[in-house]
Amino acid sequence: MEASLLRQCPLLLPQNRAKTVYEGFISVQDGSTCIFYHLFIYFFSKGRDFHLRIELPEDLQMKNARLLCSWQLKTILNGYHQIVQQRMQHSPDLMSFLMELKMVLEVALKKKQELCPPPPPPQFYSSLIEEIGILGWDKLVFVDTCLSTIKLKAEDASGRKHLITLKLKAKYPAESPDCFVDFPVPFSVSWTPQVTDQPQIGVRIAVLPITVPLSAGLVMYPCHCSWNFQIWYDTSSLISIYGQFLAALESLKAFWDVTDEIDEKTWVLEPEKPTRSATARRIALGNNASIHIEVDPKHPTMLPECCFLGADHVVKPLGIKLSRNIHLWDPENSLLQNLKDVLEIDFPARTNLEKSDFSMDCGICYSYQLDGAIPDQVCDNPQCAQPFHQICLYEWLRGLLTSRQSFNIIFGECPYCSKPITLKMSGRKS
C-alpha cells in the first residue's frame, strides 16, 4: 500500500514513524485555466493541489480517522460533507479513501465549472486589448479584472460628458455586447457578427464625422459638399459601437441643450437632480404654482405636454394664455423662450424666489418629499395657498365628518384656513 500511496499521492507524506499522521497535498485534475495578468494571457491545463491533514488511530482504521482540510478544500467540499463521512466509514484503508476523495473532488469541481461559465479563449482578450488601444486608452474609464465590463467616455459638441457601459459576452465579437447609456431614448446597436477574418469594404453616408486610424476599421474622408462619405470595414467591434454612440450623442444634442437651459435658468422642483435620460421637468412659477412639462427628445423645441399645478385662481389664467397664444410658438426659438412668450411670464430663478413666494413644505406632514412625491395640491384661497401632498390631504379630508366624496373627488375644508377645498384623486387610495 505504501508504494501505491506514494505513486498516487506523492505530495502527501507521513509525519511520524508509526505513520498515523499524514500531511501534504492531494492533486485533482481541474480542466483548463485562463489567467489575465499585466496584459498577458496565460492559458493552460493542470491539476489543482489541496492541502489536508489526516490523523489515523493506532489500528489505522479510517472509520475513526480525523480529516483536517484547508479553507480552499472546505469550500470545494461544501455540500459533500456527508458523502466524505460515508467514504471514511466504509473505506478499508487510507489508500482507498484517498481515491474516493479524489473522485468526490473531481465531481465537485466539475459541477462548480458548470455553474460558472468557462473563461473566454485567449483571442478574446488579445483582440479586445488591441481594439481598446486603437480606440484610445484615454477614452477608457473603467474595466474589470475579467475584461467583461468596460466603460468608455465621450463629449458631445456642447462639452457635456457621457458614459457608455459595455457588458461583453464570452463569444464576443460573434455576439454583440449589452450597452447601457443614460439616454432619453432607446440605444440600439447595429451589429453584424464577424464570420470571416477578411472584412468587406463598403461606402456609407455618415451622420457624424468620426476620424480614427485606418487599422481601427473605420476612416472618414470629408468631401466638398453637404454630405460626408465614410469608408469603413464592415465588422462589429468597440470602434463601431463607439461611433454609433457618438452619432447618438449628436442626435440628442438639441434635446440636452433645451433641458440644460431649463435647469440653469429656472427653478426645477422635480427631479431634484435630473439625469440625461430625464424628459420631464416640474418648474416653479411662484405663488405656489408650477408647470409640469414632458419634452420630446426627437423634437425638443416643439410644444411639450404641459400640466399646470396649483390653485385654480393662479393656474386657470395660465391655461387660458396657453390656448390663446399657442399660435406664437416658434420651433426656431428655444423651448424656454417659447414658454415665456406663450404664457407671458418670466420664470423665476431659484435664487430670486423667496420662501414666502413658494412654500415648499406640506402643510400637514411638514415635509417636502414623501415617498418620492412633493406637495402638488394647493388651497384655492388666495390668502392661504398652502400646498399639501395628495396623500396627506386625502387622509386629512377622509377623517373629517363634514367631508363628502363623489367618485374620485373629495370635498372638504382646508386644514389651514377652513375654506372649501377640493381634491381630485389621481389614483385609488386604500
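Analyst: Helices (H or I, at least four residues) and strands (E, at least two) are DSSP runs, numbered from the N terminus. This is a predicted model, where local features need pLDDT of at least 70, side-chain atom pairs count only at pLDDT 80 or more, and totals for chains, interfaces and linings use all residues. Residues are numbered from 1 along each chain as its sequence is written, and side-chain values use heavy atoms, with hydrogens and water left out.

User: Ok, how many helices and strands in the protein?

Analyst: The protein has 10 helices and 20 strands.

User: And where does Ser237 lie?

Analyst: In the loop that links strand 11 (228-233) and helix 6 (238-251).

User: Is Ser237 buried or exposed?

Analyst: Ser237 counts as buried because its relative accessibility is 8%. Buried means under 20% relative accessible area, exposed over 50%, partly exposed in between (1.4 Å probe, protein chains only).

User: What does Ser237 touch?

Analyst: Leaving out residues up to four places away in sequence, Ser237 touches Glu131, Tyr172 and Trp191. Contact means heavy atoms within 4.5 Å.

User: Switching topic: what percentage of the protein is buried?

Analyst: Buried residues are 39% of the 430 residues.

User: What about Val141, which strand is it in?

Analyst: Val141 sits in strand 5 (residues 140-143). Val141 counts as partly exposed, because its relative accessibility is 44%.
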